[in-house]
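This report walks through one protein model, from its overall dimensions down to single residues. Have the coordinates open while reading.

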Amino acid sequence: MNKLKRVLIVLLIVPQALLLNAQENTAGRIPQYEVPYEFPKVENIKEVLNRIRVYYESTSPQTIVDGQTGKEITNFKTFNLNAEPSKGFSSEYSYTHGVVLSAFDYIDDVTGDKSFFTDNIIFFDYLMNNLPYFQKNSDKITKEKIGSWGRILKFLALDDCGSIGASLIKTYSKNKNEKYLELINQTADFISNKQFRLKDGTLARNRPQYESVWADDLYMSVPFLANMGKLTGDNKYYDDAVKQVLQIADRLYIPEKELFDHGWNVTSSDYDPRFYWGRANGWSLMTMAELLSVLPENHIGRDKILHLYRSMIRSLANLQDGEGFWHNLLDKSDTYQETSCTAMFTFAIAKGINEGWISHVYGPVALTGWNATQTRVLENGAVDGTCEGTTFAHDNTYYYNRGKSIYATHGYGPVLYAGAEMIKLLQNDKLIIDSVKDNSINSTFHFKLKSEWPKKD
């Protein structure tokens, strides 16, 4: 082979080698995310929220029916012993429905879209127009619960009244319908004077163990107390709300984990087994966010609550998985990725940034939490992947094997709240957000505080 041919062969081979080398250098180096690692758009979040609202509205006709035949009752002159509200989520007087209605109120504040808050008016008008029918005939009712209205004639637990009572106060604050006041005051009397408490005043239950304290009960009581304080101006409600957070935390908050144990009971006391259930921690963190939103700045317990809130978020940032979810047991990544707690943490972290309670550097945690959360909203607006209702249990096997479905309604309100707060975060004019570069080997989100950076000429 002469010299000229050898030169030509080299010239042909070298570019191909360089191309192959370049391909080898990039192959596998650009991250492949299971959940899109991208900047959410406000219009897309609004579309998700509206999808959930439409699904919610479809769940019940909001009528009074004969529970045996399913037929609508239209003659209210005589009492039907089988009378009850029509089945379906949007007919319930329940704590999960209360979270949805509070979220609708909040979305109205954030976006100005009245279609959400209109559903509050529709539901509470439905309730107020039909409740007297049951109240007047209460002596004839032998069932403990009136269908989906639960124990509305006689509250027996915080679940019966606290969360939805908070949404009733919020709705009253806007429409001033005085028909609401009797039920608001009934709820205040039950929580303040009739619900079982420990000797030190901590709200508690005698189930499943004697004198048990549940993390869930923070959300079942404190948002109502806080909003009652705002409504009446009576500091006793703020004081009780703060007391509940701090005294329940004394029993359930574990400093070395910076998380809440699901429950505690007097029998096992200091040696109670610990299970860091996702939604119990979600209830705790959402409770603190709600309380901090209305608690006077000079209240003596505010700084202690801020410390609990901030330390929990520090721990949760580390426990978020690589897809943006949190797990049903937070410290056990082999439990499933759970929707309701992921949405709750997303909301509370975004809220903390927007309010200035935590550093803006947590922005990507909220953002990736939302990206994960919205994947669980089905095309018809149902929210999937939510853990079913869960008791305060004492073994891992129970928590590991909890069911999850669209019918576990605990996820709907938190997803709505998370979307609303993400809209506020994306529109926060105090922040600069550096987004991810497409097809980049090394690129992430950076949330920066404008006031920390020198102004450009």
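Strands here are DSSP runs of type E with at least two residues, numbered from the N terminus. By that definition, Thr-386 lies in strand 9, which covers residues 386–387. The model is a predicted one.

## Overall picture

The protein has 457 residues, and 55% of them count as buried. Its secondary structure comes to 15 helices and 12 strands. Along the principal axes, the C-alpha atoms fill a box of roughly 110 × 55 × 50 Å. Take the contacts between residues at least 6 apart in sequence: 68% of them join residues at least 24 apart.

Is Thr-386 buried or exposed? The cut-off for buried is under 20% relative accessible area. Thr-386 has 0% relative accessibility, so Thr-386 counts as buried.

Thr-397 is 11 residues from Thr-386 in sequence, and their C-alpha atoms are 18 Å apart.

Ser-405 sits in strand 10, residues 404–405. Ser-405 is buried because its relative accessibility is 15%, under the 20% limit. Which side chain makes a polar contact with the side chain of Ser-405? It is that of Glu-388, at 2.9 Å. Glu-388 is also among the residues that Ser-405 touches, along with Val-383, Asp-384, Gly-385 and Thr-386; residues up to four places away in sequence are left out of that list.

The table sets out their geometry.

| Helix pair | Axes come within | Crossing angle | Handedness |
|---|---|---|---|
| Helix 5 and helix 6 | 10 Å | roughly 140° | left-handed |
| Helix 6 and helix 8 | 11 Å | roughly 125° | left-handed |
| Helix 8 and helix 9 | 8 Å | roughly 160° | left-handed |

Start with helix 8 (residues 222–232) and helix 9 (residues 235–252), whose axes cross at roughly 160°. Helix 8 is therefore roughly antiparallel to helix 9; the cut-off for that label is over 145 degrees. Helix 8 brings Val-222, Leu-225, Ala-226, Met-228, Gly-229, Lys-230 and Thr-232 to the contact. Helix 9 answers with Tyr-237, Tyr-238, Asp-240, Ala-241, Gln-244 and Val-245. By class, the residues of this contact are 8 nonpolar, 3 polar and 2 charged.

Next come helix 5 and helix 6, which cross at roughly 140°. These two helices are therefore oblique to each other. On the helix 5 side, the contact uses Gly-162, Leu-168, Ile-169 and Tyr-172. On the helix 6 side, it uses Leu-181, Leu-183, Ile-184 and Ile-191. What classes of residue make up the contact of helix 5 with helix 6? There are 7 nonpolar, 1 polar and no charged residues.

Helix 6 and helix 8 cross at roughly 125°. They too are therefore oblique to each other. Helix 6 supplies Ile-184, Asn-185, Thr-187, Ala-188, Ile-191 and Ser-192, and helix 8 supplies Phe-224, Leu-225, Met-228 and Leu-231. This contact has 7 nonpolar, 3 polar and no charged residues.

## Asn-177, in the loop

Where is Asn-177? Asn-177 lies in the loop between helix 5 (162–175) and helix 6 (181–194). Its relative accessibility is 19%, so Asn-177 counts as buried. A polar atom of the Asn-177 side chain lies 3.0 Å from the backbone nitrogen of Lys-179. Leaving aside neighbours within four places, Asn-177 is in contact with Asp-125 and Tyr-172. Ile-121 is 56 residues from Asn-177 along the chain, with 9.5 Å between the C-alpha atoms.

## Asn-281, in helix 10

Asn-281 is placed in helix 10, residues 278–294. Asn-281 has a relative accessible area of 0% and is therefore buried. Outside four places in sequence, Asn-281 is in contact with Leu-259, Phe-260, Tyr-276, Met-312, Leu-330 and Phe-345.

Note on methods: Residues are numbered from 1 along each chain as its sequence is written. This is a predicted model: local features need pLDDT of at least 70, side-chain atom pairs count only at pLDDT 80 or more; totals for chains, interfaces and linings use all residues. Side-chain values use heavy atoms; hydrogens and water are left out. Helices (H or I, at least four residues) and strands (E, at least two) are DSSP runs, numbered from the N terminus. Buried means under 20% relative accessible area, exposed over 50%, partly exposed in between (1.4 Å probe, protein chains only). A polar contact is a pair of N or O atoms within 3.5 Å; within protein, one must be able to donate a hydrogen and the other to accept it, and residues adjacent in sequence count only if both atoms are side-chain atoms. Contact means heavy atoms within 4.5 Å. Axes are lines fitted to C-alpha atoms, for helices over the stretch in contact, and angles run from 0 to 180 degrees between N-to-C directions. Angles under 35 degrees count as roughly parallel, over 145 as roughly antiparallel, 65 to 115 as roughly perpendicular and the rest as oblique. A crossing is left-handed if the near helix is turned anticlockwise from the far one by less than a right angle, and right-handed if clockwise. Ala, Val, Leu, Ile, Met, Phe, Trp, Tyr, Cys and Pro count as nonpolar, Asp, Glu, Lys and Arg as charged, and the others, Gly among them, as polar.
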